[in-house]
Amino acid sequence: MSGYMRNLLRLSVGVRRFLMTEAMYGIGIGMYSLVLNLHLLSKGMKEDEIGLLMSIGILIMGALAIPVSISANRIGRKKLLVSGIMFIAAGSALYAIGNHSGIFYLAQTLVSIGLTLVETTEVQLLFHYCASRKEEASAFSLMFAVFTAFTGAGTLVAGYLPNSADSGDGYGLTLLLAALVFVVHSMIRGLWLPSEGKESETVRTSEVLEVNREVSSLRKKLPSGTLWLFSVFMALLGGAIAITGSFLNVIVKYRLNWMDDKVSILLAVSGVVLFAASLMTPYVLERFGHNVAIVSVFLVNILVFASLSWAMPVWMFTIVFLVRGGGLTMLSNLLDSQLMSAFKERERNLYAGMRSVFRSLGSSGAALLTGWILIGQDYEIPFFLTSVVLLLCLVYYIWFIRPILDKRLKE
């Protein structure tokens, strides 16, 4: 453990700067995610309408993912990342001042564009700053650790900010402050993150041609169908996470009958647990190996989500709920880092695009389904459905993903 902690302090300069700037992104997302659904409910939207809005936004992300991933080589991942954060800021501000569904759909479109730009470039840019595959795994988990810790901080702040939900004005102040955080964050990243370098410009030029050839002859480049197998797996995993993730604040608020400040405290504490789980992911990976670690964490998550579908006292629910957050975070980090590392540099942008497309499809369907379920005020069944889908993911991983992953990580 001591050796592992020392290695974390020896990360490359670009990685350290990326991780430090990730804090503001977490704060902004924490503020935004806590109040958005509650803001829309206060504006008169129903749960199924919010589910439809979220699912369309996710589909927009899926539609844009591959074009963005291809253009990342030509335009530059850093530029797209910074632009994406500005789009999220614009969408958050538009949500704050909007009063009808047309404005909300426009706001969600802007947010979806921004999230697509961020999600299809941030991991590749972070890995570009890394000096080795081992550093990639550590950097990825640390990125998520910083993000989740400061997401918790943003969630806590948002829970104590004033709102006018009862009068129909919603949570506009919080959304405007989140937009301001995103703007400042984009400026800091644009000025402080290292450029991708002149050398990488030459590499990107050749990679654009390489990626275009991969798109036109995908089966030739990947005769085993690896890209498709991994992408379908991401659709299942994305759906499993989105069943509860899309409405987590609503589920907690109405299942426990809590006020916003208590919900924000629980989600903030959950952020601390997520931070610890992310920080421990590289150690678990090194200690047990990717196969044992992934299968074990899968099983823990299946049991935890199944138990959350049972009736239980509030104190027990909160404890299991916190364990859920840590377990799901560790699972997501393990899979995202290992699957990305299984691809070579020239393949990563294409895989990132395909991953976003399929994850968006799974997440969109899950968000729509959960919206329908919550219309009936059933706040238990989403957890049970998550455990079932996670079981399917585990079977898929064992049969299809694990053999390919073992082979590629040994190369």
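Tutor: Buried means under 20% relative accessible area, exposed means over 50%, and partly exposed lies in between, using a 1.4 Å probe and protein chains only. This is a predicted model, where local features need pLDDT of at least 70, side-chain atom pairs count only at pLDDT 80 or more, and totals for chains, interfaces and linings use all residues. Residues are numbered from 1 along each chain as its sequence is written, and side-chain values use heavy atoms, with hydrogens and water left out.

Student: Is cysteine 130 buried or exposed?

Tutor: Use the cut-off of under 20% for buried. Cysteine 130 has 13% relative accessibility, so this residue counts as buried.

Student: And what is the relative accessibility of cysteine 393?

Tutor: Cysteine 393 also counts as buried. The reason is its relative accessibility, which is 0%.

Student: How many disulfides does the whole structure have?

Tutor: A disulfide is a pair of cysteine sulfur atoms within 2.5 Å. Searching the whole structure for such pairs gives a count of zero.

Student: Which residues does serine 92 contact, beyond its neighbours within four places in sequence?

Tutor: Serine 92 sits in helix α4, residues 77–97 (helices are DSSP runs of H or I with at least four residues, strands are E runs of at least two, numbered from the N terminus). Serine 92 is buried because its relative accessibility is 0%. Counting heavy atoms within 4.5 Å as contact, its partners are Tyr32, Val111, Leu175, Ala178 and Ala179.

Student: What share of the protein is buried?

Tutor: The protein has 17 helices and zero strands. Of its 411 residues, the buried share is 59%.
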